[in-house]
Amino acid sequence: MMSTESTFDKLLFTPGPLTTSKTVKQAMLRDLGSRDEVFIELLREVRNELVALGGVSGENFTAVLMQGSGTFSLEAVLSSTVPPDGKVLIAVNGAYGRRLVLLAETLGIETATLEFPENMPVDPAAVAQALADDPTITHVSICHCETTSGVMNPIEMVGEVVQDAGKRYFVDAMSSFGAVPLNLEEAKIDYLVSSANKCIEGVPGFAFVLARREALEETAGWARSVSLDLLSQVRGLEKNGQFRFTPPTHAILAFRQAIRELHEEGGVEGRGRRYAENHCVLTEGMAKLGFRPYVAPNDQGYIITSFHYPDDPNFDFEAFYGQLSDRGFVIYPGKVGDADCFRIGTIGRLFPNDVRNLLIAVTETLEALDINISA
Ligand SMILES: *Cc1c(COP(=O)(O)O)cnc(C)c1O
């Protein structure tokens, strides 16, 4: 009898979870106790590596690991670092920006939102104007790569504006950290969040916050949650090298291996080069097939790309998705604004040859479904 569970996993061209290397998965074949020296040393190494990946020193910044998916760490920052009478300005140009608004509003935090079209980057001048108009704003929050469309936001320029206004700056760099060169000090970032299973290519299970010590230290007493209390989490980690609650030991073992593989690839620059090549092969191939990208090339990052549905009435996303999935390639739906689009991610353990194979599968799928794109 055929098992429904194949040993060959499909390749994940998605915003996550993402394809990981075999060696990253193999690193999990251990059981570590949370108070074990080996685990405490592992945690120390991983936290130091994260601060270094942010281009900063451990003197001014600290890395806080937090159980859960990326959103849990976003919620940890919002719930822990905004004072009771604080107000967060959130720049929104996609679903992940809207999620920040939802998190803040659910926490009862006062918010101001600044909205932009989903195929356009956030405009730093508009952020400056909003800050000038409302002096009660204490924090500014923005996504780096808006994974909804793949558009890149100018977080360094926004950082200048935020610093000039003397506000705290929180960046959701979930889908870019580790593959897009960034220096937190130069970008004036106080808090940055990313997760284990995006560009660093670990397995899902935890995310992390890079926090400016001086900012975090002033947040005592502000936490609106026990399990997501950022300051308590970091104090626990720094006091005895331990998590307050059960740590994701296997996912952290995998993460250390993933960081080693990141270094072997040439660090953030090297990883960025592979993803940029993946993206280049993808967009050239899709253009040849007649697909139109949703974001203009100048505003588009190499993380994930949205394509308009083709005009042909034979196109049905579910059928298109199913055919590609049967061929071993998983893509992602993605309605952006009022445009019907689908998304193809180019991050995770994927190489230009995988993208070429995906393009062959797309070509076969168009034939199989009798879809003709008039370019
Ligand atoms: C993936 C992602 C998230 C978080 O996702 P989780 O499903 O909670 O891991 C948040 N913001 C952005 C920009 C992302 O790409």
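Reply: The side chains of aspartate 190 and arginine 212 are joined by a polar contact of 2.8 Å. Polar contact here stands for a pair of N or O atoms within 3.5 Å; within protein, one must be able to donate a hydrogen and the other to accept it, and residues adjacent in sequence count only if both atoms are side-chain atoms. The model is predicted, so local features need pLDDT of at least 70 and side-chain atom pairs count only at pLDDT 80 or more, while totals for chains, interfaces and linings use all residues. Residues are numbered from 1 along each chain as its sequence is written, and side-chain values use heavy atoms, with hydrogens and water left out.

The side chain of aspartate 190 also has a polar atom 2.8 Å from the backbone nitrogen of tyrosine 169. Aspartate 190 sits in the loop between β8 (168-172) and β9 (191-195). These elements are DSSP runs numbered from the N terminus: helices are H or I of at least four residues, strands are E of at least two. With a relative accessible area of 5%, aspartate 190 is buried, a word that means under 20%, whereas exposed means over 50% and partly exposed lies in between (1.4 Å probe, protein chains only). Not counting residues up to four places away in sequence, aspartate 190 touches Phe61, Lys167, Arg168, Tyr169, Leu210, Ala211, Arg212 and Ala215; a contact means heavy atoms within 4.5 Å.

The loop between β8 and β9 also holds lysine 188. Lysine 188 is partly exposed, at a relative accessible area of 21%. Its phi is near 60°, a positive value in a residue other than glycine. Aspartate 370, in the segment after α12 (352-368), has a positive phi too, near 55°. Aspartate 370 is partly exposed, with a relative accessible area of 48%. Most residues other than glycine have a negative phi, and most peptide bonds are trans. A cis peptide bond joins glycine 16 and proline 17, with omega about -5°. Proline 17 belongs to the loop between β1 (11-12) and α1 (22-26).

Isoleucine 331 lies between β12 (329-330) and β13 (332-333). Its C-alpha atom is 8.9 Å from that of leucine 11, although the two residues are 320 apart along the chain. Beyond its neighbours within four places in sequence, isoleucine 331 has contacts that include Phe13, Thr14, Phe317, Tyr321, Phe342 and Leu358.

Now the protein as a whole. The secondary structure comes to 12 helices and 14 strands. The radius of gyration is 21 Å, close to the 21 Å that the globule rule gives for 375 residues, so the protein is as compact as a globular protein of that length. That radius is taken over C-alpha atoms, and the rule is 2.2 Å times the number of residues to the power 0.38. Along the principal axes, the C-alpha atoms fill a box of roughly 60 × 55 × 35 Å. Of the 375 residues, 57% are buried. Among contacts with a separation of 6 or more, 73% are between residues 24 or more positions apart.
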